[in-house]
Amino acid sequence: MTRAPGAGGRMVVVGGGLAGITAALEAASLGAEVVLVERRARLGGLTWSFERNGRTFDNGQHVFMRCCHAYRAFLRRIGAADQVHLQSRLDVPVLAPGGRQAHISRSTAPLPSPLHLAGSLLSYSHLGVKDRLRAGQVVAALRRLRLDDPSLDAESFGSFLARHGQSAAALERLWDLVILPTVNVGAAEASLALAAKVLRTGLLDQADGGDLGWSLVPLGVLHGENGRRALERAGVEVLCSTAVDAIAAGARGAGGHGADASPVTVTAGSRRLRADAVVVAVAHDAARALLPADAIGDLSGLGRSPIVNVHLVLDRKVTDLPFAAAVGSPVQFVFDRTDSSGTEAGTQCLVVSLSAATGEIGARPETLVTRYFEALGTLFPAARRASLVDAVVTREHAATFRGVPGTAALRLGPSTACHGVYVAGAWCATGWPATMEGAVRAGNAAAAAAITGCRIERPLEEVPA
Ligand SMILES: Cc1cc2nc3c(=O)[nH]c(=O)nc-3n(C[C@H](O)[C@H](O)[C@H](O)COP(=O)(O)OP(=O)(O)OC[C@H]3O[C@@H](n4cnc5c(N)ncnc54)[C@H](O)[C@@H]3O)c2cc1C
């Protein structure tokens, strides 16, 4: 890429997760000189991988949908689009103990929404006939909602479902399958605004929006290594293993941008970087700690919701399914990660993914391994004859914010009350739950706002501490 030096200003991006990588790439493409500072030795933020006994495990299974246009563009931008699989047609096998299997899937015929889901809902044998018919009423009611109506965030999805006659079984066996992995709280608790966003954008607005995708390679390669190469190609200076300790910036003047033209100073250890704009692309509580108290207000109400993954390497192949959901089981979703983990031929690496895992986050690894190995035996008969070759549990205490009612008003960005300071991250005001799509959207928005909002004249310079 060629550009006039400094044509778009000098920018520091704090944080090398998806939001930070995106913001840095976007700002560089708009002509800025960019330094990205990441406290860890690697890029990728909450999407990462590690080696153990010659195999590669991810911190947690990540899935996206065809409607995640910003994330898919990000994959193309970093040269990773051919390292993911995207279903040609949504198909989620839903297992129950004893081997009963139903599917949530898009029709093979090219039917328009919502007819594309009608066949699979009507034949969804994990629910009684009355519940299947009533699910159609929820679909009709969701289609009538205006997603930009702020009152949607005052109600829980659970209360909306109750108003539309949904039973406890429908909540657990249908709605939780979509809401738990996307909003990272149960359907009963989730904000109606976030649940409606996912269901409308993913399943209803476009017939093919919900086709699912996942990485074919470890996440550390998909986002971390590809991201680093893309940043280098774009001319972004990447400082890893460097934590930003403080950010100093002037308060935004009454006249808005330009009222205070002083540069931002970013302190990272012994280094002080001066820039015309900084994009703070860290988790909401970390952003709060870095910025002046009045810059972004109190975000503690966003809370944290954990995700736990139980990785089980079995001595034989027990299923041909690439992934499945489960009902009537402690398993929520299980994914086959044999190929990406580099597990030896003849064995199988299955990963049980548990969202909103408040009950599991503090449990002992041995307890979780035993519980989920046994549970797999009830879903896949061949697993009862299998032995464990290896097992590891990964826990992310703060995987996402808690997407409950009242959170929309707390989410903000990309601008802050400080001149030249912008925020990005999956927690920002994108309308999406805390997802890869939300992180990328927030990164793009912050870069665009920083470029257009700041008149950038001063060079990025390093001054003695
Ligand atoms: C186990 C798990 C499963 C998930 N599953 C899915 C899924 O299936 N689909 C989906 O779309 N999303 C999923 N998510 C959510 C998704 O991973 C996140 O929303 C997204 O990665 C957040 O990106 P981010 O850039 O906003 O933040 P982060 O990834 O948190 O990046 C912030 C970065 O800032 C760095 N940082 C913090 N403080 C400083 C500092 N002072 N100085 C320098 N650097 C700093 C951090 O080290 C980090 O690298 C999952 C998350 C987890 C944890």
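I began with Cys 428, which counts as buried because its relative accessibility is 3%; buried means under 20% relative accessible area, exposed over 50% and partly exposed in between, with a 1.4 Å probe and protein chains only. Cys 428 is in no disulfide, and its nearest cysteine sulfur, that of Cys 418, is 15 Å away. I take a disulfide as a pair of cysteine sulfur atoms within 2.5 Å, and the structure holds 0 of them. I also looked up Cys 349, which is buried at 1% relative accessibility.

A note to myself on the source: this is a predicted model, where local features need pLDDT of at least 70, side-chain atom pairs count only at pLDDT 80 or more, and totals for chains, interfaces and linings use all residues. Residues are numbered from 1 along each chain as its sequence is written, and side-chain values use heavy atoms, with hydrogens and water left out.

**The whole chain**

I found 13 helices and 21 strands in the chain; these are DSSP runs numbered from the N terminus, helices being H or I with at least four residues and strands E with at least two. I checked the radius of gyration next: a compact globule of 465 residues would have one near 23 Å, and the chain agrees with 23 Å. That radius is taken over C-alpha atoms, and the globule rule is 2.2 Å times the number of residues to the power 0.38. The C-alpha atoms fill a box of roughly 65 × 50 × 40 Å along the principal axes.

How many of the 465 residues count as buried? I noted 57%. For contacts (heavy atoms within 4.5 Å), I looked at pairs at least 6 apart in sequence, and 72% of these join residues at least 24 apart.

I placed Val 198 in helix 7, residues 192–204. Val 198 is buried, with a relative accessible area of 3%. Not counting residues up to four places away in sequence, Val 198 touches Val 178, Thr 182, Val 183, Leu 203 and Pro 433. I also looked at Gly 210, 12 residues from Val 198 in sequence; their C-alpha atoms are 9.2 Å apart.

Thr 400 is in strand 19, residues 388–400, and is buried with a relative accessible area of 13%. Setting aside residues up to four places away in sequence, I saw that Thr 400 touches Val 183, Asn 184, Gly 303, Arg 304, Ser 305 and Ala 434.

Phe 50 is in strand 3, residues 49–52. Beyond four places in sequence, I listed its contacts, among them Arg 55, Phe 57, Val 392 and Thr 394. Gly 220 is 170 residues from Phe 50 along the chain, yet I found 7.9 Å between their C-alpha atoms.

Asn 53 is in the loop between strand 3 and strand 4 (55–58). Is Asn 53 buried or exposed? I have it as exposed, at 56% relative accessibility. Its phi is near 50°, a positive value in a residue other than glycine.

**Other backbone notes**

I looked up Ala 356 too: its phi is positive, about 45°, although it is not a glycine. Ala 356 is in the loop between strand 18 (348–354) and helix 12 (365–379).

Which peptide bonds did I note as cis? The bond from Ser 113 to Pro 114 is cis, with omega near 0°, and the one from Gly 413 to Pro 414 is cis with omega near 5°. I placed Pro 114 in the loop between strand 8 (101–105) and helix 3 (115–122), and Pro 414 in the loop between strand 19 and strand 20 (421–423).
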